[in-house]
Amino acid sequence: MQKIMVIEDDPVIRDELSLLLENEGYQSVPVFDFTEISRRVQEQQPDLILLDLGLPNRDGSLICADIRRKSSVPVIFVTSRDSAMDEYRALSLGGDDYITKPYNIPVLLARVRAVLRRSAGTPDPDTIEGCGMKVNLTKGTVSAGSKTEELTRNELKILAHLLANEGKIVSRADLIDALWDSQIYIDDNTLSVNMTRLRAKLESLGLSGCIKTRRGMGYQL
Ligand code: CA
């Protein structure tokens with residue numbers, strides 16, 4: 001079932017969109033907390049995002065730009081703003097389509113289908129990018145320029161988690177949790193060993209020093 005994330009702060013519209021999508025046979029994932037949306041997208045891996053422009057914490061067009069740094073998931077803006085400038089800004093920051101409220105339901109659903117159909121042909125939907133590297137989650141590889149390194153399952157999980165939190169300090173406990181979530185048991189020593197190997201691989205790609213150790217706090221990409 002295709003998963004569609006609904007990022008909309010108006011509860012009436014959010015519920016209506018969710019219901020419409022569920023009735024069409026999609027899995028709807030409504031968002032209720034509008035912080036760290038880019039990380040939520042990484043965790044949920046939706047097939048499509050419906051994104052409002054006017055959101056409480058951060059403008060939808062900026063959220064789209066955040067998402068684009070790590071994911072090629074299609075984004076349709078659903079918004080009451082209808083100036084050509086808003087539309088231009090939203091599309092130039094990585095949106096795939098733009099629908100104004102009040103929307104026409106059959107048109108909205110047709111656009112959802114069209115965008116999903118187009119994106120089905122996009123290669124490597126499971127790629128995340130950042131810090132000059134590209135991580136392929138299905139192949140388990142990291143590349144920079146023309147060089148590619150294969151990662152173990154643990155190394156892949158660690159790197160994906162750091163990339164999803166790029167620029168932020170990620171504690172060792174958080175990393176261990178992220179690995180534990182995926183049913184891999186890992187202790188503190190194993191994490192250190194994996195981190196050393198991961199750094200060596202990144203170094204061979206010319207990305208030495210990109211994972212910084214923040215003493216007493218954790219790691220930062
Ligand atoms: Ca809104």
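Which residue in strand E9 is the bridge partner of Ala-144? The model before you is a predicted one.

The bridge partner of Ala-144 is Lys-147, in E9. That bridge belongs to a pairing between strand E8, residues 141-144, and strand E9, residues 147-150. The two strands run in the antiparallel sense and are joined over four bridges. Together E8 and E9 make a hairpin, with two residues between them. In the turn, Gly-145 has a positive phi of about 60°.

I turn next to a sheet of three strands. The sheet is open, its order is E10-E12-E11, and its pairing is antiparallel. Strand E10, at 169-170, and strand E11, at 212-214, each have a single partner strand and therefore stand at the edges, with one side of each left without a neighbour in the sheet. Between E11 and strand E12, residues 218-220, there are three bridges.

Which residues are its protein donors? They are Asp-9 and Asp-52, each through OD, and Gly-54 through O, at 2.1 to 2.4 Å from the ion. Along the chain, these donors follow the spacing D-x42-D-x1-G. Asp-9 and Gly-54 link distant parts of the chain, as they are 45 residues apart. Asp-9 lies in the loop between strand E1 (3-7) and helix H1 (11-23), whereas Gly-54 lies in the loop between strand E3 (48-51) and helix H3 (60-68). Asp-9 has a relative accessibility of 30%, so it counts as partly exposed. Gly-54, at 31% relative accessibility, also counts as partly exposed.

Finally, I would draw your attention to two further residues. Is Ser-71 buried or exposed? Ser-71 is buried, because its relative accessible area of 16% is under the 20% limit. This residue is found in the loop between H3 and strand E4, which spans 75-79. Setting aside residues up to four places away in sequence, Ser-71 touches Val-41, Gln-42 and Thr-127.

The other residue is Asp-97, placed in strand E5, residues 97-100. Asp-97 is likewise buried, with a relative accessible area of 17%. Beyond its neighbours within four places in sequence, Asp-97 is in contact with Val-75, Ile-76, Phe-77, Leu-91, Arg-111 and Val-115.

That concludes the presentation. Thank you for your attention.

Terms used
Residues numbered from 1 in each chain as written. Predicted model: local features only at pLDDT ≥ 70, side-chain atom pairs only at ≥ 80, totals over all residues. Heavy atoms only, no water. Pairing = 2+ DSSP bridges. Donors = N, O, S within 2.8 Å, 3.2 Å for Na, K, Ca; no water. Buried < 20%, exposed > 50% of the residue type's maximum accessible area, 1.4 Å probe, protein only. Contact = heavy atoms within 4.5 Å.
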